Amino acid sequence: MTDKAKKRSSIIPGNDLDRARLITLAGMVVFAVLLGWQSDDSYHGYVMVKHLIEGNGFVYNIGERACATTSPLYTLSVAIPYFFTREMFFTSMLLDVLYTAIAYYLFAYKMCRSRSQVIYGFLALIGSKAFLSYTTSGLENSLLFLLSALFLYQYFSHERFDKKRLLLLALTFSLIALSRMDLVLMFIPMIVYVFLLKRQEASFGSAVGITFLGLSPFILWEIFSVLYFGFPFPNTAYVKIGTGISDIEYLKHGFLYYFYTVINDPVVLLIPFVFIIITILLKKCRYLMTSLGIILYGIYILRIGGDFMMGRHFTVMLFVSVLSFTMIQNLEEPAVLRRSKPFFEAAVLFSVIASFTLGTTIGSQYLYGHKYSSSISDERENYSNTTGFYNNIVSFVKTGRLCVEDTWNNQATDELRGMGVPGGIIENAAGILVYYNSDLYLNDTYCLGDPLLSKLPAVYDPNWRVGHLRRRIPEGYDESIYQTKNLIEDPDLHEFYDKILIITRGKLFDPERIRTVITMNLGKYDYLVDNYEKRQK
């Protein structure tokens with residue numbers, strides 16, 4: 001050992017592997033903090049946390065039970081520290097960093113057995129612009145990294161699963177569903193494989209019982225959601241139903257989402273692709289189930305038209321691929337991985353270099369920005385000026401207030417206050433705007449938190465953006481909000497809104513409300529919306 005190496009080892013005790021683990025863990029935390037930011041969408045969930053802790057219920061607008069979060073587990077987990085701090089920006093961001101740190105700790109300390117595994121895994125993760133962006137952001141990604149690591153550690157650590165192991169795996173699966181319902185597609189092949197082929201000392205009947213017990217957190221949430229909100233899915237899910245957009249258009253947008261991501265952030269897609277190829281070459285069912293999950297989720301993302309946030313939905317795919325290949329290296333003989341390991345490492349190095357060259361210059365600045373028209377954006381770049389961690393620290397030191405509050409203009413909310421009304425439907429009820437004006441009733445025609453407009457068909461826009469499809473405001477709906485009573489003019493929609501009011505504002509266990517909830521979810525009021533739409537054409 002050289003004198004310099006001896007000096008480094010005296011500063012950071014332990015062997016080379018332990019030092020690599022500690023240094024990269026610290027690096028991951030530093031990157032997450034320095035690049036920390038908040039997405040506007042996260043505040044749609046944060047306002048529900050705020051109302052809950054202030055005693056107004058788990059609601060988007062006070063007095064109306066509507067769910068505007070796609071991740072109930074993440075949103076409720078934010079409520080715990082917020083209860084003590086009563087400060088949202090730094091509290092939620094530090095919680096994101098904590099989730100990311102624990103997820104990376106599980107990877108580096110529980111899965112990696114060599115320094116090269118740590119280094120290449122770390123490079124793959126920090127080489128992805130999207131991964132680093134969504135280590136914070138206030139969305140559920142950081143929690144999904146943690147739960148994915150827990151699931152994969154269990155999945156690859158045991159050849160056989162007894163009843164206890166089956167239960168723990170099912171519980172982890174349930175928590176993933178509570179964090180993001182559609183992401184379970186990535187884990188279904190693995191959990192089905194375990195329950196059908198790898199259970200030990202458990203009959204098929206007892207395995208089914210264990211499955212239901214493990215899924216109980218998700219099942220209980222669904223029961224609560226129907227009883228409390230009146231619907232099994234968050235309001236944001238209904239916004240994406242009934243858009244009238246063709247499958248071809250969705251596929252086109254999905255393809256552009258892949259294309260935009262790969263030229264700006266090649267790591268996040270290339271590594272999962274290489275991992276899939278490796279598992280096919282290894283020809284082992286256990287590994288193929290992991291790849292099948294990635295493929296299923298990838299097809300799903302293509303089918304729904306991708307997203308407007310560049311790379312966001314691919315970050316868990318990247319994380320799962322890196323962790324899974326690391327675990328496969330631990331399970332296989334070196335001779336078996338003689339070809340695949342260098343292939344994986346070369347892919348990491350290539351994609352990291354591409355990310356810092358092509359991805360940040362030609363890709364984002366010229367190729368896509370000038371030759372193509374796209375609604376897909378780097379959300380961190382758009383919002384970091386006002387929601388970045390560093391910028392808010394500077395703002396607080398200089399002015400005593402956070403610059404996140406200045407993200408949106410308050411003109412619309414000031415006008416509502418000037419009118420003396422409790423709220424209204426405004427042009428853009430952005431999450432941050434709603435959060436800092438939570439005393440008002442606020443929604444817009446994107447209707448993420450509007451239980452009526454979300455059930456109406458979208459107005460088609462040839463330049464539509466995923467998750468941003470406006471609805472037509474019915475005659476009398478603005479007045480209904482101003483006067484807090486049903487003044488909608490169309491007779492059928494008036495009746496439908498009466499049902500919505502019973503569900504979202506009626507007494508929770510009133511028999512009429514329970515009947516209305518059941519009838520609504522059986523689709524027996526759909527004809528009212530259909531009749532209304534026919535008159536609009």
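Predicted model: local features only at pLDDT ≥ 70, side-chain atom pairs only at ≥ 80, totals over all residues.
## Helix α4

Helix α4 runs over residues 72-85, a stretch of 14 residues. From its first C-alpha to its last the helix reaches 20 Å, which is close to the 20 Å expected at 1.5 Å a residue. The residue that follows α4 is Arg86, and its phi is positive, near 55 degrees.

Several residues of α4 are buried: Pro72, Tyr74, Thr75, Ser77, Val78, Ala79 and Tyr82. Among the covering elements are α3 (42-53) and α5 (89-111). The cover also includes α8 (141-157), α9 (163-179), α12 (216-228) and α23 (431-435).

## Salt bridges

Across the whole structure, a search finds 21 salt bridges.

Asp16, at 39% relative accessibility, counts as partly exposed.

Glu64 forms a salt bridge with Arg505, with 3.0 Å between the closest N and O atoms. This pair links distant parts of the chain, as the two residues are 441 residues apart. Glu64 lies in the loop between α3 and α4, whereas Arg505 lies in helix α25 (residues 491-505). Glu64 is buried because its relative accessible area is 2%. Arg505 has a relative accessible area of 33%, so Arg505 is partly exposed.

Arg401 and Asp406 form another salt bridge, in which the closest N and O atoms are 3.0 Å apart. Arg401 counts as partly exposed at 33% relative accessibility, and Asp406 counts as partly exposed at 43%. Salt bridges also join into a network that links Glu140, Arg180, Asp182, Asp307 and Arg312.

## The largest pocket

The largest pocket holds about 670 Å³ of space. Its lining is made up of 30 residues, and those closest to the centre are Arg180, Asp182, Ala237, Lys240 and Tyr300. Of these, Arg180 and Asp182 also belong to the salt-bridge network with Glu140, Asp307 and Arg312.

At least two lining residues come from each of α9, α12, α13 (235-239) and α16 (285-303). Helix α12 gives the largest share of the lining, 4 residues. Helices α9 and α12 are also among the elements that cover the buried residues of α4. By class, the lining of the largest pocket has 17 nonpolar, 7 polar and 6 charged residues.

## The second largest pocket

About 420 Å³ of space lies in the second largest pocket. This pocket is lined by 30 residues, of which Asn428, Asp444, Tyr446, Arg465 and His468 are the closest to its centre. The largest share, 3 residues, comes from α20. By class, the lining of the second largest pocket consists of 13 nonpolar, 10 polar and 7 charged residues.

Thr315 is placed in helix α17 (residues 315-331). Its relative accessibility is 0%, so Thr315 counts as buried. Leaving out residues up to four places away in sequence, Thr315 touches Ala130, Phe131, Tyr134, Asn141, Phe145 and Val268.

Ser206 and Val268 are 62 residues apart in sequence, and their C-alpha atoms are 39 Å apart in space. Ser206 has its place in helix α11 (residues 204-214). With a relative accessible area of 23%, Ser206 is partly exposed.

Methods
Residues numbered from 1 in each chain as written. Heavy atoms only, no water. Expected span 1.5 Å × (residues − 1). Buried < 20%, exposed > 50% of the residue type's maximum accessible area, 1.4 Å probe, protein only. Contact = heavy atoms within 4.5 Å. Salt bridge = Lys/Arg side-chain N within 4 Å of Asp/Glu carboxyl O. 1 Å grid on protein atoms, 1.4 Å probe; cavity = no way out; pocket = protein on both sides within 12 Å on 5 of 7 lines; lining within 4 Å. Points joined across faces, edges and corners; volume = space filled by probe spheres on them. Nonpolar A, V, L, I, M, F, W, Y, C, P; charged D, E, K, R; others polar.
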